[in-house]
Structure formats: structure tokens, C-alpha cells
Amino acid sequence: MKHQRSVVAVAAVALLLPLSACGGDASAGDSSTVTVTVGYQSKTINTVTAGTLLRSLGYFEKQLNALHDGHTYKVDWQDYATGAPITAQMTAGKIDIGSMGDFPLLINAARGKQLGKPTRLVSVTGYNLRGGLNTIVTSPGSRLTSLTDLRGKKVSTSIGSAADGTLVRALQRAGLDPDKDIEKLNQQPAVGASALTAGSTDALSQFVAWPGLLAFQGKAKALYDGAQLNLPTFHGVTAREDFAKQRPAVLEAFLKAQAEATDYLDEHPVTAAEKVAKATTLPAEVVYLYNGDHGIATFDPAIKPQLVSALKDDVSVLKSAKLTGDVDVDAFIDDHYVRKALGADYAKRLSAAPAPAASEVWPKGAETTRSFKTPAELLRYVAAHTSDIRASYVPDATTGTLWFADKAVWVADGDQLLPFVAPATAQSYIAGHGGARVITYADALGRAS
């Protein structure tokens with residue numbers, strides 16, 4: 001879209017106005033001002049189509065201005081590190097629309113019902129059908145190579161987050177008790193990242209974009225690829241039920257704008273990554289790892305059946321942690337707003353599938369990336385253009401999770417050169433392929449050139 005509008009900043013005093021001023025009329029009459037408050041997580045970059053990118057493009061403001069219903073609309077964008085404070089503000093009537101991960105969404109549903117301030121899941125932002133958005137990492141020099149090595153160790157995560165859910169499930173599959181066999185540190189992502197760097201925790205389980213950021217900075221290496229669970233994980237958009245009923249046209253305008261931002265990201269992945277990087281101070285190379293043409297996240301507003309099923313499965317994890325009771329997922333989901341907003345296009349989006357995994361190189365100064373059919377072809381190109389590479393990405397040979405080529409675990413199997421996110425997936429492959437062995441990245445480049 002060529003037309004962009006700057007976001008209108010709203011003074012904090014607006015939160016002190018009557019509830020009707022938030023998603024409602026600030027004064028009587030057709031000339032009234034309606035303030036719409038949106039809670040988002042700028043650095044949780046698989047929510048960008050409902051937050052950071054959407055805000056930078058100005059599409060929501062444009063859709064609101066196109067309503068021509070006699071109101072003046074202002075958008076108050078509120079940035080948070082996690083979903084918990086967004087839920088607190090929503091149940092207090094101070095945020096109308098929010099975006100957060102699957103586990104926080106369930107807590108959002110539970111808290112809303114408990115407090116008589118119900119919320120509804122109205123669309124999806126970024127998702128990964130195997131769970132690759134969450135990763136467990138260790139320090140670069142760590143000798144830990146598998147989940148069983150975490151027994152008796154300190155692990156930082158954000159309890160109640162999707163990353164915590166990945167940690168719990170992964171440990172259980174490895175035969176460890178998440179409550180007894182590790183010392184879990186409940187920390188905000190930034191705090192946990194600092195703890196890992198300082199050596200005060202042995203591992204960090206977090207959601208996008210923290211694992212990729214730390215790996216890119218050379219401050220961490222992957223221990224466990226969340227896609228090994230083969231369970232969908234996603235982020236979505238939730239709205240207060242009273243706001244949605246009072247202002248359905250406003251919510252539909254948001255969802256139309258979200259769809260536009262999704263199309264922009266799909267059509268201009270490099271430019272979108274640069275925009276998000278500028279707004280968040282995250283490296284564009286990290287943003288692209290998740291949100292790129294073949295990134296770990298796939299973006300689509302449609303509420304897919306696979307994601308609904310995964311959300312229902314997540315309830316048991318939160319119940320066992322005593323973070324929620326039963327959650328009626330079917331009652332929480334309301335897709336009629338997004339169906340109406342997108343019209344005939346909704347069915348197409350609902351049936352769309354993620355792009356197949358591919359290896360990519362982002363050349364310096366380029367506005368597009370180059371894709372390769374095999375990791376070996378990428379390595380050959382990188383070896384011949386070492387000084388001209390901004391970033392290179394390869395998909396895990398078994399899970400498909402994209403990772404930085406120079407941070408991947410490489411395996412030589414005859415003439416094949418295969419990348420893996422974590423040591424465990426590499427060793428699993430080696431166990432089933434006689435003669436295959438781990439090699440260094442430098443060796444992989446040498447063999448390919």
C-alpha cells in the first residue's frame with residue numbers, strides 16, 4: 001500500500017475516562033471521538049500483522065477513516081513484552097483488541113470469563129504447524145546436548161507462555177518431570193536472555209524472536225527445536241466481547257487492515273522485515289528468519305481447524321500448572337467477524353498451506369533474497385560470495401524449521417550435506433543412517449565448493 005498514516009498518540013489520561021470512551025464514544029453526538037486501544041507485543045514478531053507492521057503501515061487508521069460514520073477515530077497502540085499485561089488491561093476494560101500466543105490466549109479466555117469480562121479469539125497472526133516458533137537454547141560453550149542433560153539444571157522461561165508449554169511437553173517426552181527434575185525460573189524473556197548470558201541459568205525456553213536473536217548474536221545455541229513436538233503453535237487476536245458487540249464495524253476494520261498487512265508481508269518480505277526491525281531495534285536478519293518468504297512463521301488471519309485442535313490440547317498443560325481451570329475453547333472462538341471482514345477471500349485463506357521449506361540467501365544491499373533447492377547449493381553460493389552475504393538460512397532436514405546456516409548443526413551423509421537446528425535432531429538422523437556424521441560449518445562450506 002502506498003498510503004501510510006502516522007499513528008495518533010493518545011495521552012495516558014485517556015485510560016481514566018469512562019469505559020465507553022475506550023471503544024466507544026468520548027462525547028455524545030455524531031462528532032464524538034472514538035478511541036480504540038490496541039495491545040500488542042512489538043518484539044514478539046509473529047504478531048506483526050496485528051501489531052508492529054500494522055502500526056507502521058497505518059492500515060488500521062486508514063480503514064477507520066473509511067468508515068465515514070460521523071465519528072473521529074484515534075488509535076492508542078500499547079506495547080507490552082508478554083500477553084499477561086494485555087489480558088489484565090482487557091479485563092479492566094482498558095484495551096479493546098490484543099494479540100498474544102496460544103497459551104496466553106487461553107488464560108485470556110479464562111480470566112475474562114472469571115471476571116465477567118469475556119473476550120473472544122477473532123483471528124490468527126503467525127503460526128507454525130509443527131511448533132517451530134518456540135526453541136530451547138543454551139550458552140554457546142555449554143556441554144548440554146539433549147533434554148535429558150537438563151536434569152537438575154536451571155531453566156528460564158515465562159510461565160504460562162507458549163515457550164513454557166513447549167518446555168513442559170518436551171521434558172515430559174524425554175522422561176523428565178517439569179516440576180521436579182529441573183529448577184524452573186519464571187522470567188520475562190529479556191531477563192531470561194540476560195540470565196543465560198550471565199551464566200545464572202543453564203538454558204532458556206522462549207518464543208520468537210528471542211532464540212533466533214541470541215543465536216544470531218552468538219550468545220546462544222539451540223538445544224531443542226520446538227518443531228520436534230509436531231504440535232501447532234500460534235499467536236492470535238483477541239477482542240473484548242462488549243467492544244466487539246458495541247463496535248463491530250471497528251473490529252472488522254481492524255481485521256481488514258490485518259489482512260492487508262498480511263498481504264504486504266507476503267508480497268514484500270524483505271521490506272517488511274526492515275520495517276519491523278526499525279520499529280523494534282531487532283536485527284532485520286532475525287526478523288526475516290521468522291517472518292521471511294520461507295520463515296518459521298506463516299501468517300494468515302484465518303482460524304484454521306488444526307490451530308483450534310491444538311488450542312484445546314493446550315488446556316491440559318495450563319490446568320496441570322494450575323494456571324487455569326477448564327476453558328471452553330469453542331465458546332472463546334468467534335470467527336464471524338473475520339469471515340465478514342474478508343468475505344469470499346476467507347475460504348481461500350482457510351485452506352491455504354504454509355510455503356514449502358527452502359534455503360535462502362540475503363545478499364548485502366539486496367531487496368530480495370535468493371532461494372536454492374538444496375542446502376548444498378546454498379553452501380556453494382555462500383562459499384563463492386563470502387563477503388557479499390548478509391544472512392543465509394537453511395531448513396532443518398527433518399523438521400523444516402529455518403535456521404541460520406552458520407549456526408546450524410551440519411551432517412555429512414555421503415554426498416549429502418544436511419542442516420539441523422539442534423544436536424538432538426542431528427543425532428537422531430545419524431542413528432538411522434550409517435556413516436553419517438556431524439561436521440563443522442567450515443567443513444560443509446569446503447565440501448560444497
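View 1. Helix 3 (84–91) and helix 4 (102–114) each give two or more residues to the lining. Helix 3 supplies the largest share, 4 residues. The volume is about 360 Å³. A pocket is an open set of points on a 1 Å grid over the protein atoms alone, where a 1.4 Å probe fits, with protein on both sides within 12 Å along at least five of seven lines; lining residues have an atom within 4 Å of a point. Helices (H or I, at least four residues) and strands (E, at least two) are DSSP runs, numbered from the N terminus.

The model is predicted: local features need pLDDT of at least 70, side-chain atom pairs count only at pLDDT 80 or more, and totals for chains, interfaces and linings use all residues. Residues are numbered from 1 along each chain as its sequence is written, and side-chain values use heavy atoms, without hydrogens and water.

**View 2. The largest pocket.** Its space is about 490 Å³. Of 27 lining residues, Gly-295, Ala-297, Thr-298, Pro-354 and Ala-355 lie nearest the centre. Strand 4 (119–128), helix 9 (248–267) and strand 11 (298–299) each supply at least two lining residues.

**View 3. A cis peptide bond.** The bond joins Val-208 and Ala-209, with omega about 10°. Ala-209 sits in the loop between strand 8 (203–207) and helix 7 (210–216).

**View 4. Positive phi at Thr-281.** Phi is near 70° in this non-glycine residue. Thr-281 lies in the loop between helix 10 (269–280) and helix 11 (284–291).

Conventions
Points joined across faces, edges and corners; volume = space filled by probe spheres on them.
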